[in-house]
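Work through the exercises below with the structure open beside you. Try each task before you read its solution.

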Amino acid sequence: MRERHKTFLSRASLVLALTVTGGLLGGGAARADTSFPQTGFAIWGPFETYWQAHGGLSQFGLPRTSVYGAGRDYDAQWFERAVFTYNPTKPDPYKVELNLLGSQITAGRQAEVFFQPAKKLVNFTYFAATSHNMANQFVEYWTKTGGLAIYGYPISEPFVEKSKSDGKDYLVQYFERNRFELHPELLGTKFEIQLGLLGSELLDAQGGPTKIAGLPQSAFYPKPAGGINVPGGGLVDSPNSGTPGPGGAPVPPAPPLPATNHRVLFSNDFSNPDLAGWTPRTSYTPPGETAASWRVKNGLLEQSGRASEEGANNTALLLTNFAEYTDATLETSFYAGGGESAGLVMRYSDKGYYLLRLYGSVPNAAAKARLLKVTPTGGEALLGSTTVWGGYVPRTWYQLIFTTKGNTLSVYIDGELIMKVTDDQLSMGGLGFYAFADGTARFDNLRVTAP
């Protein structure tokens, strides 16, 4: 069994790591052995050379398996957005290749109208080899980030499809090796166009990493010459990664909340696993959906279930049964275990609620803290956002404060005021926690005081 050099990377450290390992690998004198704590797997040798040279984390995502013997003459490794294969009998630069995941995941869909051969459209880029037009929104990205060698030909026309990752509708187009997705919420950033998580979707459909773990170890893959160590920290997940950190990873104790002179209305340190005073809920729409699960484990409140596995709503709320808070300050410790959004809820009632939604520190210009008003008839309305706070780093504790006083809403993170807005529509309701239901958010040391 190969030794894995567990390396925990910060976003800055990741840049350093890729610079260091890229220089070594490019010269062919050494091979890196970089491990990713979110999934517990490493990228070895030529796979890492290829991974770095063609876009790295944002292009292929995190490794989902180790390297294994996939056939008589080649090895393979699964990533969130790709499957790499290594065949030593092929000439360079074709020893490492990508599987045709787009073709695999769309097998059986050829009868659908968007997968049938199409005529050339005016002002579109047309590929006679597969008889499909490429969406104008995707042409520049396809050309600049790899083209035919990385993505292959288009095998569908552009069309709107519901994402399995977040349940939202996106303009997509399938290629031989992947799926392009247009994300209008990230307009103007380098993440406006993203690749589908086809590796994770296909791997999980086949039984996940444990299924691969039972296969023979790699037969041809070169063993690493030695690990390359980089500074410590927490690696920032790739955008829309969909891959939470290891479920058994230890969580450090939450720092205590600072002392307060305000009157305490309610508190809970979650030393008792009983959640009888709380109710799990969903957003108002669609109505009647199952609420995702919450639990107390090891003295922490966990959003414990994944919506995709439970058949639950992605919006996981856990609210106090007492629903008559007016002016109040909610303080808590938040632990970012994965890559999805999480936050707090104030003044929840059948009329609506205020939602603080926090995002991870991915490298784009989008606001990482947003304050919304959510109502049954109007859905989500943005009240305010800020780029002052750079987003959470996974595996890090943060102290959150959300205050409602009259029509003023204030948000503090680690003692710093990051947002203050006004709204006079909602005056009373319950309060509690929000998380995107992927099972990675943790909270501790809840305290509610009079502001």
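**Exercise 1: Strand E11 and its partners**

Strand E11 and strand E12 (residues 193-195) run antiparallel and are joined by three bridges. The model is a predicted one.

Task: Find the bridge partner of glutamate 181 in E12, then find how many bridges join E10 to E11.

Solution. 
- Step 1. Start at glutamate 181. Its bridge partner in E12 is glutamine 194.
- Step 2. Turn to E10. Four bridges join E10 to E11, and the two run antiparallel.
- Step 3. Pick one bridge. Glutamine 173 has phenylalanine 180 in E11 as its bridge partner.
- Step 4. Look at the connection. E10 and E11 form a hairpin, with four residues between them.

**Exercise 2: Which way do the side chains point?**

Task: Sort Arg179, Phe180, Glu181 and Leu182 by the way they point from E11.

Solution. 
- Step 1. Recall the rule. Side chains in a regular strand alternate between the two faces of the sheet.
- Step 2. Apply the rule here. Arg179 and Glu181 point one way from E11, and Phe180 and Leu182 point the other way.
- Step 3. Check the cover. All of these residues are buried.

**Exercise 3: Buried or exposed?**

Task: Decide whether serine 163 counts as buried or exposed.

Solution. 
- Step 1. Locate the residue. Serine 163 sits in the loop between strand E9 (159-162) and strand E10 (169-174).
- Step 2. Take the cut-off. Buried means under 20% relative accessible area.
- Step 3. Compare. Serine 163 has 11% relative accessibility, so serine 163 counts as buried.
- Step 4. Name the contacts. Leaving out residues up to four places away in sequence, serine 163 touches Lys168 and Tyr170.

**Exercise 4: An open sheet**

Task: Give the strand order of the open sheet of four strands, and say which strands stand at the edges.

Solution. 
- Step 1. Read the order. The sheet runs E3-E4-E5-E6, with antiparallel pairing.
- Step 2. Find the edges. Strand E3 (68-69) and strand E6 (96-98) each have a single partner strand, so one side of each is left without a neighbour in the sheet.
- Step 3. Check one pairing. E3 and strand E4 (residues 75-78) run antiparallel, joined by two bridges. Tyrosine 68 has alanine 76 in E4 as its bridge partner.
- Step 4. Helix H2 (residues 45-53) lies across E4, strand E5 (83-86) and E6, and runs at about 130° to E5.

**Exercise 5: A covered helix**

Task: Find how many of the eight residues of helix H7 (residues 198-205) are buried, and what covers them.

Solution. 
- Step 1. Count. Six of the eight are buried, and H7 is mostly covered.
- Step 2. Name them. The buried residues are Leu198, Gly199, Ser200, Glu201, Leu202 and Leu203.
- Step 3. Find the cover. It includes E4, helix H4 (101-105), strand E11 (179-182) and helix H8 (209-213).
- Step 4. Glycine 207 follows H7, and its phi is positive, near 115°.

**Exercise 6: Two aromatic pairs**

Task: The structure holds 32 aromatic pairs. Classify the pair of phenylalanine 138 and phenylalanine 180, then the pair of tyrosine 284 and tyrosine 353.

Solution. 
- Step 1. Take the cut-offs. Planes under 30 degrees apart count as stacked, over 60 as edge-to-face and the rest as tilted.
- Step 2. Classify the phenylalanines. The ring centres of phenylalanine 138 and phenylalanine 180 are 5.5 Å apart and the planes are at 85°, so the pair is edge-to-face.
- Step 3. Phenylalanine 138 is in helix H5 (residues 136-144) and phenylalanine 180 in strand E11, 42 residues apart. Both are buried.
- Step 4. Classify the tyrosines. The ring centres of tyrosine 284 and tyrosine 353 are 5.6 Å apart and the planes are at 50°, so this pair is tilted.
- Step 5. Tyrosine 284 lies in the loop between strand E14 (278-281) and strand E15 (294-297), and tyrosine 353 in strand E20 (residues 352-358), so the pair ties together parts 69 residues apart in sequence. Tyrosine 284 and tyrosine 353 are buried.

Methods: Residues are numbered from 1 along each chain as its sequence is written. This is a predicted model: local features need pLDDT of at least 70, side-chain atom pairs count only at pLDDT 80 or more; totals for chains, interfaces and linings use all residues. Side-chain values use heavy atoms; hydrogens and water are left out. Two strands pair if DSSP finds at least two bridges between them. Contact means heavy atoms within 4.5 Å. Axes are lines fitted to C-alpha atoms, for helices over the stretch in contact, and angles run from 0 to 180 degrees between N-to-C directions. Buried means under 20% relative accessible area, exposed over 50%, partly exposed in between (1.4 Å probe, protein chains only). Rings of Phe, Tyr and Trp (its six-membered ring) pair if their centres lie within 6.5 Å; planes under 30 degrees apart count as stacked, over 60 as edge-to-face and the rest as tilted.
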